[in-house]
Amino acid sequence: MFGNLFSRTQKKDEIPPQDFSVLNTDMHSHLIPGIDDGAKTLEESLELVRGLIKLGFSGAITTPHVMGDYYPNNGAIISSGCITLQEAIRREGLNFRLEASAEYNIDSYTAELFEQGDILFMPGKRILVELSFFAPPPDLENRIFQLRIKGYYPILAHPERYSYYMGSRSDIERICDLGCDLQVNILSLAGYYGNSIAKWAKTLVEAGMVSYLGTDMHHIRHLKALEDALKHKDILRLLQRYSFKNKDLFNE
Ligand SMILES: [Fe+2]
């Protein structure tokens, strides 16, 4: 129980980092053009990649939405988009490693994909999952259980943004107990989604419950807000004090 909760180590380096390079890899973003509500064009994708490099990231596992109602993507669509962007990154001479996974909404469409084995997972068979912003799926426990018995390790995207879990540590602990890691948005910590989400995100990180930080970058406004986030001393101190698993993703 709470294996991941107590595995966070606190670091005591003297000087806080000045950018996000300590994370190395961003594992939540919407960089592939035209397949979800992220980048609209290849040029915008490249601008976001250049922005990630400037923020200190060496690479990204980008995660387009897979959501039955709005973005019925699958492995083939995402992989093809990723190849297009990888080629553009190479053409531009950018030193940035890009791979693709997905942000899977817990719905009947993704249940079917998982049943078919159409899963684009991250190294270590990790997969990023998201929930409805309105109500938790009634079969959440079963869906997580099904993934776990297939050998996957779900990571819950931005738990701090689900209003129905706001402030409920026991709900979040229950999800961790089911075998989910947690990923918090850097922009949540920066107050982009409001003060109460910022406070709750910080509480979860300081409780040692958060394994990953992500940009969840969709567009240029997010990029500007991430640049501003680097001015937040408290965020830089969290990067200094807590060890996140982002940096190990490409080494698995
Ligand atoms: Fe996202």
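Biologist: Why are strand β1 (residues 25-26) and β2 said to pair?

Modeller: Two strands pair if DSSP finds at least two bridges between them; β1 and β2 have 2 bridges, in the parallel sense, so they qualify. D26 stands opposite A60 in β2. This is a predicted model, where local features need pLDDT of at least 70, side-chain atom pairs count only at 80 or more, and totals for chains, interfaces and linings use all residues. Residues are numbered from 1 along each chain as its sequence is written.

Biologist: What makes the crossover from β1 to β2 right-handed?

Modeller: The chain passes through helix α1 (residues 42-55) on its way. With the strands pointing away from the viewer, a path from the first strand over the helix to the second that runs clockwise is called right-handed, and this β-α-β crossover is right-handed.

Biologist: How do you know that β2 also pairs with strand β4 (residues 97-100)?

Modeller: They run parallel and are joined by 4 bridges, and pairing asks for at least two.
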